[in-house]
Amino acid sequence: MNIIQFGTVQSGNFLVNLIGALVNATSVVIGVILFTLILKAITLPFDFISRSSMRKNSIKMEEMRPELERLQKQYANNKELYNQKMMALYKKNGYSVLGACLPTLITIVIFIVAISAFNNYSKFQNLQYYSEMSKAYNSVVYEGFEVDGDYIYYNDNNELVFNDEKLLLVDGSVESNKKTIYVNKTDDKMTVSTKNGYMEYSRVIVNGECKGEIVFNIIEENLENNKTLKLNDKTFDDYKKSLENKDKAGENFLKEIGAERSAETFRKNQPKFLWIKNIWVSDSAFNHAVEKDFNKFKSTYSYEHKKDKFVKEGKLSEDQYQVLISKLDKEQKKPNGYFILVLLTAGSSLLSQIVIGKSQKAQMELQTVDGQGAQTQKTMNIMMPILMAIFSFLYTAAFSIYIVLNSILTIGSTFAINAIVDLGVKKEEAKKATEKTYSRTYIPKQEEKKEEEKSKKKKEQIVEHDFLSGLADRHHGPKIK
């Protein structure tokens, strides 16, 4: 009976490590939420620039509405000329066409990076589960040896290591840390066992060195005497007696126990979330918490022996994979989810599109001579939720949670940014109105009053000295009642 060499799972890039750190420090769902908040904090400055530019443009567009509607009627049959007149009007009123483009592109790039990060981490995490399952399976073989910590010990990956160089120096047996280790050597082979163990380690010797594949054989006599290793409360002796065909009884017994331990390990680590069996698989009735098809498993999680991205030195065969998952019948057959997150993703995306669209209503209605922009916006309101639902279906439930939360944050930030911009515009308008009132009302009246006083004074002076016309006489003469 050989161990399963699943290989060493590699975490990948910085973002994958970041998600892993957040998940390990908290929980799967909280880790996803924190990762979403971090990405949102990064994109918030760009969102603010983009949304504030859109909002200001929308306000300016409303101010230009009467003139643009007049142009729409005037050039209804000439789109090109309408566009020219519209661009001239934009320039005159300081309307920025490209102000929101660059920040929006940056936000889109970050969204694509998020997709990649969640996709890579889901592969890494699922492979990590299988790796832990393989270690649980191998533990049945490893327990067949007594570990002394010198000749036989565990490494950092929880793999049993045999110190071949030291074992080759042993003649027959050796006592180490109260453990008895037996070494049987010939010119081309070395076998190692321990006093109370039920397994035998075997290596080929070439030119005095251990080479080639490691082989583990069962010492059935010792296995029959073992009372601690049980399968459904049956020792190996009980199990063997119940079999009609006792061929490979020991190997089958240990495989059964290994498969049980593998299933227990998965269920212990299984990342459930409400109705979802495995959050690193999509919320779909077509998918399952554990993939039963080995070829699909390899393609889904990029598990390849030679050109793999996530696993080094992986040598998992189809037979070994089927042994690992053999006790996970429910996890292979029951739906991983019921499309609830897919629908929530589409719904939250639609709501986000509607909120953003309302703040751009004027642009959509007036940017084209026939109002086609409004129809385009309606189409986007349909297409974007469908696209997000497809992403949710194709990727993991964790990524769906990210989209839903991100949409909610986008709705909130849109309202907040619009409120800030509106407040700023109102203050600017109030300031301009004050300046206009002061410059056109108070100052001219003061000047007019002064001019009137000067004119009146001048007239009085003329009257007092105008004796030729007789005005002075009347001015200075006695008043007749």
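**Entry 1: strands**

I started with strand β7 (residues 199–206), which pairs with β8 in the antiparallel sense over seven bridges. One of the pairs I looked up was Val-206, and its bridge partner in β8 is Glu-209. A reminder to myself before I go on: this is a predicted model.

Next I wanted the whole sheet. In what order do the five strands of the open sheet come? I read it off as β4-β5-β6-β7-β8, with antiparallel pairing. The edge strands are β4 (172–176) and β8 (209–218), and each of them pairs on one side only. I also noted the twist, which averages 20 degrees from one strand to the next.

**Entry 2: walking along the sheet**

I went to the β4 end. Here β4 and strand β5 (residues 179–185) pair in the antiparallel sense over five bridges. Gly-172 has Val-183 in β5 as its bridge partner. The two strands β4 and β5 make a hairpin with two residues between them. I checked the turn too: Asn-177 has a positive phi of about 50 degrees.

Then came β5 and β6, which run antiparallel and are joined by five bridges. Tyr-182 finds its bridge partner in β6, and that partner is Ser-193. The hairpin that joins β5 to β6 goes through three residues.

How many bridges join β6 to β7? I found four, and these strands run antiparallel as well. Met-190 stands opposite Arg-203 in β7. The hairpin from β6 to β7 goes through four residues.

While I was there, I looked at how covered strand β6 (residues 189–194) is. Five of its six residues are buried, so I wrote it down as mostly covered, with buried meaning under 20% relative accessible area.

**Entry 3: the nonpolar insides**

I moved on to the cores. The largest nonpolar core has 86 residues, and Trp-280 and Phe-297 touch the most other members. Which helix gives the most to this core? That is helix α4 (residues 101–142), with 16 residues. Apart from this core lies another one, of 10 residues, and Met-61, Leu-71, Tyr-90 and Tyr-95 are among them.

My course note for this page: in soluble globular proteins, nonpolar side chains tend to be buried together.

**Entry 4: a nonpolar patch outside**

Then I looked for nonpolar residues on the surface. Phe-286, Ile-382, Met-383, Ile-386, Ile-390, Phe-393 and Leu-394 form a patch there, and together they have about 700 Å² of accessible area.

**Entry 5: salt bridges**

I searched the whole structure and got 15 salt bridges. I looked up a few of them.

First I took Arg-65 and Glu-69, whose side chains meet in a salt bridge at 3.1 Å, N to O. Both residues lie in helix α2 (residues 28–74), four residues apart, which is about one turn of the helix. Is Arg-65 buried or exposed? Arg-65 is buried, because its relative accessible area is 17%. Glu-69, at 34%, is partly exposed.

Next I took Arg-267 and Glu-331, where the closest N and O atoms are 2.9 Å apart. This pair links distant parts of the chain: Arg-267 sits in helix α8 (residues 249–269) and Glu-331 in helix α11 (residues 329–333), 64 residues apart. I checked their cover as well: Arg-267 is partly exposed at 41% relative accessible area, while Glu-331 counts as buried at 11%.

Then I looked at Lys-296, which forms a salt bridge with Glu-291, the closest N and O atoms being 3.9 Å apart. Lys-296 counts as partly exposed at 38% relative accessibility, whereas Glu-291 is buried at 15%. I also noted a network: salt bridges that share partners join Glu-220, Glu-224 and Lys-240 into one.

**Entry 6: one glycine**

Last, I looked up Gly-424, which is found in helix α15 (residues 397–465). Gly-424 has a relative accessible area of 36%, so I put it down as partly exposed. How many residues separate Gly-424 and Lys-56 in sequence? They are 368 residues apart in sequence, but 9.8 Å apart in space, C-alpha to C-alpha.

Conventions: Residues numbered from 1 in each chain as written. Predicted model: local features only at pLDDT ≥ 70, side-chain atom pairs only at ≥ 80, totals over all residues. Heavy atoms only, no water. Patch = residues over 30% accessible without salt bridge, like charges linked within 9 Å, V, L, I, M, F, W, Y side chains within 5 Å. Areas by Shrake-Rupley, 256 points an atom, 1.4 Å probe, with all protein chains shown as cover. Salt bridge = Lys/Arg side-chain N within 4 Å of Asp/Glu carboxyl O. Pairing = 2+ DSSP bridges. Axes fitted to C-alpha atoms, helices over the stretch in contact; angles between N-to-C directions. Buried < 20%, exposed > 50% of the residue type's maximum accessible area, 1.4 Å probe, protein only. Core = buried A, V, L, I, M, F, W, Y, C linked by side-chain atoms within 4.5 Å.
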